[in-house]
Amino acid sequence: MRGLNTQHVIQCFVSVTLALMSSGCAQVALAPGADQIKVTRMPSDVASCAAVGNVDGQNGSGLTSDGIRQLQNQTVGVGGNTVFVTSDLPPQKGIAYRCGAASGQAR
């Protein structure tokens with residue numbers, strides 16, 4: 001009987017481990033238009049742009065996988081076209097900007 005309990009514990013441990021590992025590998029889908037969002041770490045790239053909001057790489061479930069994709073999705077959501085990454089530590093953080101003629105500022 002003891003062997004059966006040990007086997008059950010091992011099976012549960014393996015199942016939970018695999019579930020956690022696979023959840024970390026899931027790729028965040030890009031929102032429509034998010035593939036067009038410019039990602040930069042250079043302040044000069046956004047110097048003449050209008051900031052439209054803060055964004056972070058954390059998804060709704062609290063996971064931080066695919067942080068850049070999350071930043072791009074959120075930037076689309078707040079009306080930006082460029083994201084300036086301010087922190088690469090999980091969860092990544094950034095500021096969404098609207099650059100170009102639509103920013104209301106001359107370039």
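Reply: The term denotes a side-chain nitrogen of Lys or Arg within 4 Å of a carboxyl oxygen of Asp or Glu. The model is predicted, so local features need pLDDT of at least 70 and side-chain atom pairs count only at pLDDT 80 or more, while totals for chains, interfaces and linings use all residues. Residues are numbered from 1 along each chain as its sequence is written, and side-chain values use heavy atoms, leaving out hydrogens and water.

Me: How many salt bridges does this rule give?

Reply: The count is two. In the other pair, D88 is joined to R41, and the closest N and O atoms are 3.0 Å apart. D88 lies in the loop between β3 (82-87) and β4 (93-98), and R41 in the loop between β1 (38-40) and β2 (50-56), so the pair ties together parts 47 residues apart in sequence. Strands are DSSP runs (E, at least two residues), numbered from the N terminus.

Me: What is the relative accessible area of K38, and of D45?

Reply: Buried means under 20% relative accessible area, exposed over 50%, and partly exposed in between (1.4 Å probe, protein chains only). K38 is partly exposed at 42%, and D45 is partly exposed at 25%. D88 is partly exposed at 42%, as is R41 at 45%.

Me: Is T82 buried or exposed?

Reply: T82, in strand β3, is buried, at 5% relative accessibility.

Methods:
Helices (H or I, at least four residues) and strands (E, at least two) are DSSP runs, numbered from the N terminus.
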